[in-house]
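Hi,

Here is the structure I promised to pass on. Could you have a look at it, and then read my notes on the aromatic rings below?

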Amino acid sequence: MADPNPARTFADPEDPIIAATVPDHYTPLLDVDPPAGENSRLPLKGFLVILSGLVLVGLLMALIGENGPSVSQDSQQNDLTLNAPAESTNISAQFLEPASRGPSAGVSEKSFRLHSGVRAPFPWSNTMLTWQRTGYHFQPEKNWMNDPNGPMFYGGWYHFFYQYNPDAAVWGNIVWGHAVSKDLIEWLHLPLAMVADQWYDTNGVWTGSATLLSDGQVIMLYTGATNESVQVQNLAYPADLSDPLLVDWIKYPGNPVLVPPPGIDDKDFRDPTTAWYWPDGKWRIAIGSKVNKTGISLVYNTEDFKKYELIEGVLHAVPGTGMWECVDLYPVSLKEDNGLDTSFNGPGVKHVLKASLDDDKNDYYAIGTYSLESGNWTPDNPNLDVGIGLRYDYGKFYASKTFYDQNKQRRILWGWIGETDGESADIKKGWASVQSIPRTVVFDKKTGTNILQWPVAEIKSLRKSSKKFDKLEVGPGSVVTLEVEKATQMDITAEFEIDKEALKRIGESDVEYSCRTSGGSAQRGELGPFGLLLLADEGRCEQTPVYFYVAKGTDGQLKTFFCTDESRSSLANDVDKRIFGSTVPVIKGEKLSMRILVDHSIIESFAQGGRTCITSRVYPTKAIYGAAQLYVFNNATSASITASIQTWAMKSAYIRPYSSHQES
């Protein structure tokens with residue numbers, strides 16, 4: 001139904017969450033002190049300063065009364081202007097930023113730091129923190145997780161390994177966690193696959209990749225941080241190939257098999273790829289590195305994965321992109337929708353080269369040609385080269401890894417979704433980070449310039465009740481409530497059509513639009529923004545809009561943008577609240593479409609079949625449990641839209657420890 005009063009004031013940020021909205025099956029966190037040694041407890045003096053600040057804030061709020069910020073509305077045009085970013089509750093005490101974790105050891109920064117400066121922690125309740133844990137995304141039972149490692153299909157099981165700290169909810173003491181699944185959705189946790197117990201990996205068992213050989217062998221190459229913090233490459237293999245769960249692993253006695261070559265810094269040599277077979281009968285692997293500020297990928301030959309030869313030159317290099325982490329190279333078919341084995345090459349094939357940039361913590365890819373003659377990869381469009389062009393995801397998504405699923409002939413992409421809240425909150429809730437829903441990757445045959453990413457089909461097995469909202473007419477400045485069963489755990493598809501007359505009337509702009517630098521969903525234009533308001537409370541003081549914005553650029557051409565606006569996602573002041581997004585290609589005759597997976601504190605959004613993707617971490621304080629609602633909105637100044645939306649409530653995935661009594 002349409003909201004009769006779309007212009008609402010902010011709710012009082014001190015209002016408690018109504019207890020009646022919390023379902024019985026949510027078990028609150030226990031009130032426990034953070035683990036010893038984590039430096040998370042405040043000194044008495046700091047506590048008193050905070051307490052004084054809270055009292056001051058309370059007095060100020062009492063004085064402000066009804067003069068708080070509100071949504072503005074043009075009474076003559078009856079247009080809605082969405083609120084500007086919410087002013088979080090300010091606490092006067094200032095705290096030191098969390099300790100840097102990672103760079104001193106030679107890897108990217110793992111500790112989240114607010115870009116807007118140091119702020120005091122928000123007073124998170126256990127009810128709020130308990131809600132943040134996801135229902136159907138992969139995550140361990142507790143503690144820290146980061147990069148996906150060595151995914152593969154073996155012995156009838158999907159295997160997933162990951163960077164894991166078994167001791168705390170912060171980065172450090174990195175080992176390999178291991179889980180298996182029959183469907184990529186429901187997982188069984190197995191014992192740790194590899195721990196830091198040798199001189200060549202005593203400072204961390206870091207990222208690696210799996211290669212399946214034709215004779216049935218499984219090769220695992222991974223980066224180890226030595227006792228002197230030198231990055232070296234190591235070989236491991238299953239102790240028992242007849243065990244479909246691959247529980248036990250053996251590290252090659254001759255490790256390390258590779259050390260940094262001359263000219264490469266000891267801490268700039270990591271993350272070996274899956275190997276691909278070369279016509280000369282040898283295998284090749286790539287490893288990320290840099291020379292000064294030029295990101296590069298080194299290539300090695302090997303026959304037995306024990307001895308290696310450095311190939312002259314590099315696979316590819318891009319000046320100014322800095323250190324390349326988690327490099328990935330794989331083929332995509334130009335004609336078929338199925339995936340290809342990593343070693344496949346020939347007519348009708350392009351190769352995707354991807355690098356995770358240490359400098360900005362984003363995953364960039366480009367489409368090009370991998371030459372069997374030169375051994376080099378060349379981008380189709382130099383203006384869209386690795387690190388300066390397309391990204392897998394324009395939100396929070398890093399250190400991704402693909403693998404070829406020979407079981408269903410598809411290529412699957414995993415990505416690490418880190419936290420963007422305060423470290424003290426992670427320690428209190430006892431865990432940090434999730435993995436993306438696995439995505440299929442194919443070449444976009446319609447555009448010929450990008451890939452398409454889409455959640456694996458198995459995710460549909462979690463769908464429950466469905467609701468359809470067909471051809472909703474949403475006028476300029478309107479918000480319409482969508483009555484759904486469970487707004488915190490959903491799968492949503494939506495299509496939008498813009499009034500054709502409005503499309504004809506749109507004028508040229510003298511400014512190029514950008515999601516990131518715009519005013520978000522509050523910035524109005526002739527043709528946008530319009531889309532969905534996710535995880536919104538009744539007063540919409542908290543909301544996360546995912547939307548399209550259509551603009552005519554300085555060149556006179558229409559461009560479509562796909563954005564997520566986190567600026568009002570939470571009243572908390574110690575979480576990241578940015579605006580993400582990019583352009584999305586739209587082919588003539590296509591409707592604007594999006595698919596969104598909502599799972600508590602993570603939102604994964606896909607536009608136009610997966611041409612542009614955005615992943616967000618959000619931490620609402622009010623729009624949780626039964627208080628969360630879903631809306632469709634149109635904040636354009638002149639164009640009406642027609643929206644057709646279907647929603648599904650989602651069951652939680654069954655993710656638990658493996659029992660030897662379970663059947664395979």
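Let me start with the charges: the charged end of R133 sits over the ring of W431, 5.6 Å from its centre. "Over a ring" here requires NZ of Lys or CZ of Arg within 6 Å of the ring centre and within 35 degrees of the ring normal. R463 also has its charged end over a ring, that of W648, at 3.6 Å from the centre.

Please keep in mind that this is a predicted model, where local features need pLDDT of at least 70, side-chain atom pairs count only at pLDDT 80 or more, and totals for chains, interfaces and linings use all residues. Residues are numbered from 1 along each chain as its sequence is written, and side-chain values use heavy atoms, leaving out hydrogens and water.

Now the ring pairs. Rings of Phe, Tyr and Trp (its six-membered ring) pair if their centres lie within 6.5 Å; planes under 30 degrees apart are stacked, over 60 edge-to-face, and the rest tilted. That rule gives 32 aromatic pairs. F161 and W176 make a tilted pair, because their centres are 5.6 Å apart and their planes at 45°. Since F161 is in strand 4 (residues 157-165) and W176 in strand 5 (residues 175-181), the pair ties together parts 15 residues apart in sequence. Strands are DSSP runs of E, at least two residues, numbered from the N terminus. Both F161 and W176 are buried, meaning under 20% relative accessible area (1.4 Å probe, protein chains only).

F496 and F548 pair edge-to-face, 6.2 Å centre to centre with 70° between the planes.

One aromatic cluster is formed by F138, F160, Y162, Y164, W187 and W414.

Best wishes

Terms used. Helices (H or I, at least four residues) and strands (E, at least two) are DSSP runs, numbered from the N terminus. Buried means under 20% relative accessible area, exposed over 50%, partly exposed in between (1.4 Å probe, protein chains only).
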